[in-house]
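Colleague: I am new to this one and would like a friendly walk through it. Could you take me around with a few questions and answers?

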Amino acid sequence: MVEVVHIAVPWWQVAALLMGGAAALIGALAGLRRLARARVTAGEAPDWSVPPLETGGGGTLLHRWDVRCKIVTILGYSFMLTALSRPQPAVAAIVISLLVLVAARASAARVLIRLLAITGFIGMFLVVMPLTVPERDGDTLLVLNQVGWLGFNLRGLVLAATIAAKAVAITLLMEPLLATAPLPVTLHGLARLGAPEMVGQMVLLSHRYLHVFRHEARRMADGMRVRGFRKRTDLLTLKAVANFLGMLFVRSFERTERVFDAMRARGYKGRFPEPAELRLKPGDLLFAGVWLLAGLTLLVWDRLPS
Amino acid sequence: MHELTPIAPPVEHPHALLSVRDLHYRYPDGTQALCGIRLSIAAGERIALVGRNGSGKTTLIKQLCGLLAPGSGQVDYQGQRLQGEHLEAGRLSLGYLFQDPDDQLFGHTVLADVAFGPRQQGRSAEQAEAAAREALQRVHLVDKAYKEPHHLSFGQKKRAALAGLLAMQPAVLLLDEPTANLDPRQEQVFLDLLKTFSGTLICVSHDLLFLYELCRRAVVLDQGRVAHDYTLDDLVAQRGELRSHGLDFSFRLVLTAEAEEGPAQGGPVCAPSTADPDAAPLAALEQYRFRYPDGTLALDRIDLAVQSGERIALVGENGAGKSTLLACLLGLQQGSGVYRFDGRPVTRRLQTTLWRQVGLVFQDCADQLFCASVEEEIAFGLRRLGLPKAEIRQRSDEFLALVGLEGFQQRVPLHLSGGERKRLALACVLAMRPRLLILDEPTAGLDPHSEALLLAILQQLEATLLLVSHDIFFVQALTCRTLVMHQGQILQDTATADFLQDRNLGNLNGLAFSYRQRGSDAIRALQHAHEQRHVHDHRHAGEAAATEHAHPHTHRIVHSHPGDDQAHEHPPRRFYGDDLPEHDHDPDHHQ
């Protein structure tokens, strides 16, 4: 019978491990943020007289791929990745995602921004899972000399790393999925796949007006700040925030009505014009098949006995 | 000189393009917006739809393009009632330009948005794109075709919205405040575009000088009724009528005229500063720079000193960096370089307390007013200052009275008119007694009556003032010193009187108002037409022989005022108030 292995670690080593881990995480975050910002600010102003996809390295296989095939394939492949349970195939999935990124000539800055968005989620797993995963036979626990009840389970760490790797692999694919075709075309593809057309229209309008509402909210917040508002834990703050949210809601509601009026005034009758004509070619299906086969291979590898 | 014509009855066109009969409309909240409107509009007419805020202009426009259904009465377009299938077809040839371009630009890119209308008209994707590109070419935005609308400047958005209508080749353009918040250069571009439009034009605006340049017919709305329907010349010539409908903008004409002749009457007294030259300025920036996170350099080596009690104008085109400079002065943004307030460097700690010293009235009051009542709104900042309740009440009453809003304490700010909201925002800031008061485009969206009220209030204030405005009249009336900003730098720091004389600076910043000057001159001439009634001898053709006798009749004498100390000039012309054709043979008697 195999038992749990307890390795006693002196407190200073635990402290060094925790601090080192935290420092590495914070450093990685700061580095990613700086890199993303540098990538965003670098370069000349883009030429808006031509589609950005053409100037930004468009014309790759992924750009030409039928959007319906792209959605089905990448979503299907992503579901396969979520079924992986071992770290090696998960790392291989990251490698595949990186290759796809290169093939799609994706913007490094945007990829980094997407990665930044999931860093907190991944960090939480890496910290919490080793401390909370139930002990099983064969597990190795690092235990602090003086605190016997607090064990750092290495199996938990591997599990968390596997989840993190899968999350990273899927996140890396979001850029090829969403940035190799204009958003209206992607949503049009979704509608052709059976998603309600109204949902696509709402996503499109939300994407457009999210920026407007964000700017309105910022100007209103500035309006409060210049009259002395600072967030505190008191009733006045609560009341001011409630007023702020209420007014933002009223303004957003009124704007929504005006936007709908503007759409009707230009002949909108419930449907947007089709942004592109979709034609499925044999090559599109072949590419989808190859990609899904790669996913299937990862799954089989994952299920093979180690 | 213009000849004054008698007021004509409402025009009835037998084959009107748009006609409105006994139109009534009440909003769901019970507000009666339109009462018995009768209007007939012929193809190709250019109509100015004017009136106070809340007089029903926007509601009428929405009725004309079928966005609102009449409560009673009817709207006809091309001879048919605007409803059902005819309404759906009609919308494709009735272009409505909204006041806020963000409402109208719902497309993913500028090109997609502009092509939306032509696609709805049934054109193919290729035809729609060609029409969109042509329209973008006309509004000088073809180089921004694939830009997302939220990344455009305000003026560009406005032009893109117009392109979306022009691409549909509408028979009628309905414009709601087309020049609101535009800088003069963008305004001129807009005017040029609209002048070339060959269809029917109906324009709602408070800017009568703009309308004077564009339209020939004026329809005045008052409390949902058509109060007058006559030529724009007749409207602007009659100050009494303008005043009674809150449209009297003549106070602007006085100063516009004087700008070319010398110091303005009614402007601030710009005496040389008596302040101790060694005293620290109230606010000072040295080599100040600010760069946005996306890399845009918004402020570049700004050097600025604001002395206590000064009244300064900050002018420049949209995007020159004015708003960013305000944000830095308020402590909302922090750049690099030196910023001293009252002699002390503005550190992060001081930055968080700058709101006690610097007050800002926003361009759009909606950004500033968020409380449920006027009383709460004005008390919001005062509570943050930590004032006792009695003083909060006393200051609230004092400053509401100052801006003419006594008795408004329990009203909801959201339901006030544009002018009232602007004055409330001003009262909220003034009640905090800021040492530096900043006004960002205070006249945006106000009707002339509200502008005149605001001007009177601002002229009374004794505060250090920084006015950001495209409105050269307010700059002239309120400030002594002008800073000209261009591409993030202060190009010129000069006396306002000198700035107004300097055509080069005006041209550089698009602040030269050639058409406004032209319109002002013409309107002043019209407004100085007087009626006189006196006795003259006249020759009348009798049955046997011509007879001559004296009787009184009305003259309308158009004259101009070259200067206060000079005599009036009467041109050799005549206009009789009676309809006797024989008088046309009389010799002129006002040579």
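Modeller: Helices (H or I, at least four residues) and strands (E, at least two) are DSSP runs, numbered from the N terminus. This is a predicted model, in which local features need pLDDT of at least 70, side-chain atom pairs count only at pLDDT 80 or more, and totals for chains, interfaces and linings use all residues. Residues are numbered from 1 along each chain as its sequence is written, while chains are lettered from A and ligands numbered from 1 in the order in which they are written.

Colleague: Thanks! In which element is B:Gln287 found, and is B:Gln287 buried or exposed?

Modeller: B:Gln287 sits in strand E11 (residues 283-291) of chain B. A residue is buried if 20 or more other C-beta atoms lie within 10 Å of its own, exposed if 12 or fewer, and partly exposed in between, with C-beta atoms placed from the backbone.

Colleague: What is phi of B:Gln287 near?

Modeller: Most residues other than glycine have a negative phi. B:Gln287 is a residue other than glycine with a positive value, and its phi is near 45°.

Colleague: Where is B:Gln487, and what is its phi near?

Modeller: B:Gln487 belongs to the loop between strand E19 (481-486) and strand E20 (489-495) of chain B. With 13 other C-beta atoms within 10 Å, B:Gln487 is partly exposed. Its phi is positive in a residue other than glycine, near 50°.

Colleague: How far apart are the C-alpha atoms of B:Gln307 and B:Gly54?

Modeller: B:Gln307 lies in the loop between strand E12 (297-306) and strand E13 (311-315) of chain B. It is partly exposed, with 18 other C-beta atoms within 10 Å. B:Gln307 and B:Gly54 are 253 residues apart along the chain, and their C-alpha atoms are separated by 40 Å.

Colleague: Stepping back, how many helices and strands are there in chain B?

Modeller: Chain B has 591 residues, and buried ones make up 47% of them. Two residues are in contact if their C-beta atoms, placed from the backbone, lie within 7 Å. Among contacts in chain B between residues at least 6 apart in sequence, 67% join residues at least 24 apart. As for the elements of chain B, there are 21 helices and 22 strands.

Colleague: Which helix gives the largest share of the side of chain B that touches chain A?

Modeller: Here 47 residues of chain B are in contact with 43 residues of chain A. Helix H3 (101-104), helix H4 (110-120) and helix H14 (374-384) of chain B each supply at least two residues of that side. The largest share, five residues, comes from H4(B).

Colleague: And how do the residues of that side of chain B divide by class?

Modeller: Ala, Val, Leu, Ile, Met, Phe, Trp, Tyr, Cys and Pro count as nonpolar, Asp, Glu, Lys and Arg as charged, and the others, Gly among them, as polar. On the side of chain B that touches chain A, the residues divide into 26 nonpolar, ten polar and eleven charged.

Colleague: How is H4(B) placed relative to helix H5 of chain B?

Modeller: Axes are lines fitted to C-alpha atoms, for helices over the stretch in contact, and angles run from 0 to 180 degrees between N-to-C directions. H4(B) and helix H5 (residues 125-138) of chain B pack at an angle of about 120°, with their axes 8 Å apart. Angles under 35 degrees count as roughly parallel, over 145 as roughly antiparallel, 65 to 115 as roughly perpendicular and the rest as oblique. H4(B) is therefore, relative to H5(B), oblique.

Colleague: Which residues of helix H8 of chain A are buried?

Modeller: The buried residues of H8(A) pack against H4, helix H7 (154-178) and helix H9 (197-225) of chain A, together with H4 of chain B. H8(A) is followed by A:Gly194, whose phi is positive, near 115°. Within H8 (residues 183-192) of chain A, the buried ones are A:Pro184, A:Thr186, A:Leu187, A:His188 and A:Gly189.

Colleague: Last one: how far apart do the C-alpha centres of the two domains of chain A lie?

Modeller: Chain A is divided into domain 1 (5-44 + 51-181) and domain 2 (182-283), with bounds that come from an automatic or database domain assignment. Eight residues of domain 1 are in contact with ten residues of domain 2. The C-alpha centres of these domains of chain A lie 30 Å apart.
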